[in-house]
Amino acid sequence: MPVSASNPLLQDFDLPPYSLIRPEHVEPAIDQILADSRAAVAELLKTQQTAPSWDGLVLALDELGARLGQAWSPVSHLNAVCNSAELRGAYEALRPGGHLVLETRNPARRAWEEWNRERSHRVTEIAGLGPV
């Protein structure tokens, strides 16, 4: 059975299937989603290079972010309410000491490929939220 078929974080759902999510699902799901997103962004850069459109570029990028959020949100929630050593380990492996934030204003810049924690880590104060 392929990993995507057995991983609830890689399935479409209206309500998160909390009872099916296991710590061992987290890292493979996020890795798969990020790999798929990198491939989709590469394709968007090819198809949207000459005549970018709102639907073709901006909405497509938004959908990629939504897919990541759909998988990460239940993991974050479970870590908050059903914290276990295993879940905390998977959660912290993907969010060492901070928030999972990947954003770029210009997808052609491909900034995510240059990212590394040592060079880019910073803490920012956000009003009402605190340090992120």
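Biologist: Which residues in α2 meet α3, and which in α3 do they meet?

Modeller: From α2 they are Val 26, Ile 30, Ile 33, Leu 34, Asp 36, Ser 37, Ala 40, Val 41 and Leu 44. In α3 they meet Gly 56, Leu 57, Ala 60, Leu 61, Leu 64, Arg 67, Leu 68, Ala 71, Trp 72 and Val 75. Contact means heavy atoms within 4.5 Å.

Biologist: What am I looking at, and how is it numbered?

Modeller: This is a predicted model, where local features need pLDDT of at least 70 and side-chain atom pairs count only at pLDDT 80 or more, while totals for chains, interfaces and linings use all residues. Residues are numbered from 1 along each chain as its sequence is written, and side-chain values use heavy atoms, with hydrogens and water left out.

Biologist: How do the axes of α2 and α3 cross?

Modeller: The axes of α2 (residues 23–47) and α3 cross at roughly 175 degrees and come within 10 Å. That makes α2 roughly antiparallel to α3, since angles over 145 degrees count that way, under 35 as roughly parallel, 65 to 115 as roughly perpendicular and the rest as oblique. Axes are lines fitted to C-alpha atoms, for helices over the stretch in contact, and angles run from 0 to 180 degrees between N-to-C directions.

Biologist: What is that contact like by class?

Modeller: The contact of α2 with α3 has 15 nonpolar, 2 polar and 2 charged residues. Ala, Val, Leu, Ile, Met, Phe, Trp, Tyr, Cys and Pro count as nonpolar, Asp, Glu, Lys and Arg as charged, and the others, Gly among them, as polar.

Biologist: And at what angle do α3 and α4 pack?

Modeller: About 130 degrees, with the axes of α3 and α4 (residues 85–94) 10 Å apart. That angle makes α3 oblique to α4. On the α3 side the contact is made by Trp 72, Val 75, Ser 76, Leu 78 and Asn 79, and on the α4 side by Leu 87, Arg 88, Tyr 91 and Leu 94. These divide into 6 nonpolar, 2 polar and 1 charged.

Biologist: Which residues have the most contacts inside the largest nonpolar core?

Modeller: Leu 9, Val 26, Ile 30, Trp 72 and Val 75, in a core of 16 residues. α2, α3 and α4 each supply at least two residues of this core, and α3 gives the most, with 5. Another core, of 6 residues, lies apart from it, with Val 41, Leu 44, Leu 57 and Leu 64 among them. A nonpolar core is a set of buried Ala, Val, Leu, Ile, Met, Phe, Trp, Tyr and Cys residues joined through side-chain atoms within 4.5 Å.

Biologist: What is Val 26 in contact with, leaving aside neighbours within four places in sequence?

Modeller: Val 26 is in contact with Leu 9, Trp 72, Val 75, Leu 87, Ala 90 and Leu 94.

Biologist: Is His 25 buried or exposed?

Modeller: His 25 is buried, with a relative accessible area of 13%; buried means under 20%, exposed over 50%, partly exposed in between (1.4 Å probe, protein chains only). His 25 is found in α2 and, leaving aside neighbours within four places in sequence, is in contact with Ser 6, Asn 7, Pro 8, Leu 9 and Leu 20.

Biologist: Where is Val 58 found?

Modeller: In α3 (residues 54–81). At 33% relative accessibility, Val 58 counts as partly exposed.

Biologist: Last one: how many helices and strands are there?

Modeller: There are 5 helices and 2 strands; helices (H or I, at least four residues) and strands (E, at least two) are DSSP runs, numbered from the N terminus.
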